[in-house]
Amino acid sequence: MSYSVDDTGAVSCIAWTPDNSAFAVGWKLRGLTVWSISGCRLMSTIRQIGLSSVSSPMVKPNQDFKYEPMMAGTSLMHWDEYGYRLYAVEERSLERIIAFSFGKCCLNRGVSGTTHTRQVMYGEDRLLIVQSEDTDELKILHLHLPVSYISQNWPVLHVAASKDGMFLAVAGLHGLILYDIRLKRWRMFGDVTQEQKIQCKGLLWLGKIVIVCNYIDSSNTYELLFYPRYHLDQSSLLCRKPLLAKPMVMDVYQDYLLVTYRPFDVHIFHVKLSGQLTRSCTPDLELSTVRELSIMTAKSHPAAMRFIPDQLSRGHVSVNHISTPSDLLSREPVRANGELSLLDLDDGREKELTDSVELFWVTCGQSEEKTNLIEEVSWLDYGHRGMQVWYPSPGVDSFKQEDFLQLDPELEFDREVYPLGLLPNAGVVVGVCQKMSFSACTEFPCFEPSPQAQTILHCLLRHLLQRDKSEEALRLALLSAEKPHFSHCLEWLLFTVFDAEISRQSANKNQMSVPKSASNSSLLEKTCDLIKNFPEYFDVVVSVARKTDGRHWADLFSAAGRSTELFEECFQRRWYRTAACYILVIAKLEGPAVSQYCALRLLQATLDESLYELAGELVRFLLRSGREYEPSATDSEKLSPRFLGYFLLPSGYRRQSFDSKRQCSPPLTKYIRESPSILESHASYLMSGKELSKLVAFVKGTQFDLVDYLQRERYGSARLENFASGLELIGQKLQMGTLQSLLDAEFLLAHMCSVKFKEWIVVLATLLRRSEVLFDLFRHDMRLWKAYGITLQSHPAFAEYQDLLQALEEQLSSTAILTEK
C-alpha cells in the first residue's frame, strides 16, 4: 500500500547512520522510515498492507492506528554512537522518546572478513543467524553473547564467519570470543587481562586460524594476531605481525593475506604453517611478503577489496598473477558513487567496471565443495539497479563489460528485501525484510527481521546453455535436483528463454534474420533438452504454456515435443493432473476432436482413481468444447457434441442412432459408437457396490444428476434387496462414526426424499436417527411401520436402535389417540 504526501506530510527531519550506510526520514504528519543508500526500505513505522503479523491487534472502532508509533508525526531523530538505536520524538508527545533497535549486516568492507557461507547480522548484544538446515524455510536464530563478555565489552563491533560457516568470531570494545555452531559452545579468553589488551579493529579467518587486527593504544600502532580456533590464550598465539600503519582493507584467499594502507599501498603476504594445527602440538606460522604495490593513480582508497582468482586456471592462484576487485565506495564525496573496479597487481592498473554499487560478493574460487552451484559466476553486486550477476567471458578480454556483465531482471530483490549474501550450496541469494507482529498486551508492534531467499539457479543454467555448456548445465542441475524450489527454477528458466524468443520474434516480425533465429531457437531447444532429464519436465512445460499467449504455443511445443505425446506420457505414468493440463493445449494445436478424445480417456481414468474434482473439470471442458465446436462445424462434423450429449444424458438417450453420422474421423467414430455412458456407468458401479461416500464425492465433483439417475434406476442398480441387509451393509460402508460420513448420509437422504425412494429413506434416516423423517413416513403407512419394528426387534445386531424404535412408537401412539378423538 502506498501513501502520498497528503498522508505523511512534508519531511520534517533526516538522520544518517554514523557509517553513512543508511538514513532515516521522519514526516511531519505521520511516521518515519529507514532506507539504505541504494533505496531499499529497511524499516517503516507506517503499517503496510500484506505484512505478516503474529496476532491481530485488539483495537476498537476508529482506533485502527493505536498500535502505530509516530502516528502523530516525527519531530526529532538521532542515531546513537554505534548506529544500533534510533531515537525519535513524536509530535505532540515531546515528553516521550521512542527508541528503535537495529541490527547490522556484515557488509564485507574494511578489515572485517566476509560471511559468505553463513549469513549473519548482529545487534549490540547478539548475533542473528540465518538458518536453513532443518527445513526449507529460512529462520533467524537470536544468539545472545555471554553476559560475562558483553557486559564488559559492549557493544558488538566486528563479526566474521569461518569459510565453512561453522565458527563465528565476535569482537566488542576489547578482546574477542568464538562460537562453535555445531557444538553450540562459546570460547573466550581465560585470562581477562589478556582480553582487555586487545582492541579489535577487524577480524579475518584463514582456515582454522582467526586473524585479529589489534590496535595498541600505548604506541598508537597496529598489529596482526594469529590465534587457533581451539584456544584463545597468549600461549597459543601462532604469530604476531606488526603493521606499518592503520590498515584500511584486508582480505584472505587460500594462503594469501592482503593488507592495504593509505593512500593506496597494497601488501600481499604468504602464510606458511609448519606442523599440524591441533591441541597436542604448536605449529610455526611464518609470513613472507610476496607483493608490494603503491597505486599512484587512485582517486581515493577503496572501502573493500577481494581476491579474484585467475579465471583461466580457476582454483589455482599464482604469485605472479593475483588480481583483486576493489569496491571503491568511499565516504569521501569524490568517491561516493560506489565504483566497482579491477586492480591488476602486475602493472597496478585499475579498470572501472560499474558504479553505484553498495555490496558485492566474490563467488569464483571461494568454495572447495563439489556441490557449489555458483562457480560459473565471478561475482554479484547490489546497488540501486538491483542485483547484477557477472560471468567470466571466454574472449580475450575476460572482463570486457559488454561481454561480461549480464544484468538479470529476475535477480532484483523487492525494495523491502535487503540482500545479506549467498548460500552457494543452495544457489540462492539470502535477504532480509521487516516483519511486524502485534499483541494486545503491548502498546506498539514488534519489528522483526524476516529472511527471504531468491534462487539464481535459473540464471546460471541459462548462462551455461548460452555458452554451449550443456553438460556443465546438466551437472549443475543434477546437484540442485534435491534443493527446494527446483521445479520452480526449471519453470522460470524455460519461461525466460521462451519469453525472450517471443520478444525477438515480435521485434523482428518485419525482418528476416535467419542466423539469429536459429540461435535463439537452439537455446529454446537446448533448454527443453536439459529439462527433459528430470521428471518435472511435463509439469514445467505445461505450466509455461499456461503462462503465455496461446498464439505462441506452436513454437514452444515444436521444441518441447508434440502435446499429444507429452499427454500420453503423463497418462501412462498415471500423472493425471498434469495430463489434464495438456487438454487445452491439445485443443489449440490439434483440434477439438482430438482433445475430446483425450479428455474422455482421462475422464475414465480419473473416475477409476476416484479423482472426482479433476473428473468434474474434464466434464466441464467437454461441455464447453462441444458448445464452442458446434457453431463452426458442418453437418458431417457434428458428431463430437452429439456424442457428448450421449455421454452425459440419461440412458434413455442411448438408443439414438448415429449411423447417419459416419463421415467423421474413423478413430473417433469407432470410439463414439462403442463407448457407454461413462458417468452413468460409474454411478451404477458405485451404487451397486454401495460405495456411498465415493458416490457423494462423485456427484459433487462432476455435478452428476443423481435425482434423474435414481428415478430411472429405482429397480436397477439402486434397488435394495431388503431392509435388514441394507441397513447392515450401508452402516458398514458409511462408517457413521465420522463427521464426513454423517454429512454424506444427509446428502443422500435429501436426494432420496426428493424422489420418494422409501427403502433408502428408511435406511438412511435410521442410521442418522432422524425420527422426524421416519415419523412422517410411517404415519401414512402403518404396514411399513410394523414391518420396520419387527425387523429391528428380531435382529440382535440392531439393538442400538431400540431407543429410536421406542420414541417412534410413542409418537405414533399419541398420533393415533388424537386421530380417534
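Visitor: How many salt bridges are there, and by what rule?
Guide: The count comes to 28. A salt bridge here is a side-chain nitrogen of Lys or Arg within 4 Å of a carboxyl oxygen of Asp or Glu. The model is predicted: local features need pLDDT of at least 70, side-chain atom pairs count only at pLDDT 80 or more, and totals for chains, interfaces and linings use all residues. Residues are numbered from 1 along each chain as its sequence is written, and side-chain values use heavy atoms, leaving out hydrogens and water.

Visitor: Which residue pairs with D164?
Guide: R229 does, with the closest N and O atoms 4.0 Å apart. D164 sits in the loop between β12 (158-161) and β13 (167-171), and R229 in the loop between β18 (221-228) and β19 (239-242), so the pair ties together parts 65 residues apart in sequence. Strands (E, at least two residues) and helices (H or I, at least four) are DSSP runs, numbered from the N terminus.

Visitor: Is R229 buried or exposed?
Guide: R229 is buried, at 17% relative accessible area. D164 is partly exposed, at 38%. Buried means under 20%, exposed over 50%, and partly exposed in between (1.4 Å probe, protein chains only).

Visitor: And what does R770 bridge to?
Guide: To E746, with the closest N and O atoms 2.7 Å apart. This pair also links distant parts of the chain: R770 is in the loop between α22 (758-768) and α23 (771-778), E746 is in helix α21, and they are 24 residues apart. R770 is partly exposed at 23%. E746 is partly exposed too, at 31%.

Visitor: What about D125?
Guide: D125 bridges to R126, with the closest N and O atoms 3.1 Å apart. D125 has a relative accessible area of 26%, so it counts as partly exposed. R126 is partly exposed at 25%.

Visitor: Which residues form a salt-bridge network?
Guide: E680, D708 and R712 are linked in one.

Visitor: Back to helix α21. Where does S741 sit, and what does it touch?
Guide: S741 is in helix α21 (residues 739-754). S741 is buried, at 6% relative accessible area. Not counting residues up to four places away in sequence, it touches L734, Q735 and M736; contact means heavy atoms within 4.5 Å. A polar atom of the S741 side chain lies 3.0 Å from the backbone oxygen of Q735.

Visitor: New topic. What's in the largest nonpolar core?
Guide: It has 135 residues, and Y582, F698 and Y788 have the most contacts inside it. Helix α7 (residues 486-507) gives the most to this core, with 9 residues. A nonpolar core is a set of buried Ala, Val, Leu, Ile, Met, Phe, Trp, Tyr and Cys residues joined through side-chain atoms within 4.5 Å.

Visitor: What is F698 in contact with?
Guide: Leaving aside neighbours within four places in sequence, its contacts are L607, Y612, L679, H682, A683, L686, Q703 and F704. Apart from that core lies another of 24 residues, among them V111, M250, L277 and L287.

Visitor: Which nonpolar residues form a patch on the surface?
Guide: V11, I14, W16 and I37, with about 380 Å² of accessible area together. Patch residues have over 30% relative accessible area and no salt bridge; like charges are joined within 9 Å, and nonpolar side chains (Val, Leu, Ile, Met, Phe, Trp, Tyr) within 5 Å. I14 lies in strand β1 (residues 11-16). I14 is exposed, at 53% relative accessibility.

Visitor: How many helices and strands in the chain?
Guide: It has 25 helices and 34 strands. Buried residues make up 52% of the 821 residues.

Notes:
Areas by Shrake-Rupley, 256 points an atom, 1.4 Å probe, with all protein chains shown as cover. Polar contact = N/O pair within 3.5 Å; in protein donor to acceptor, adjacent residues only side chain to side chain.
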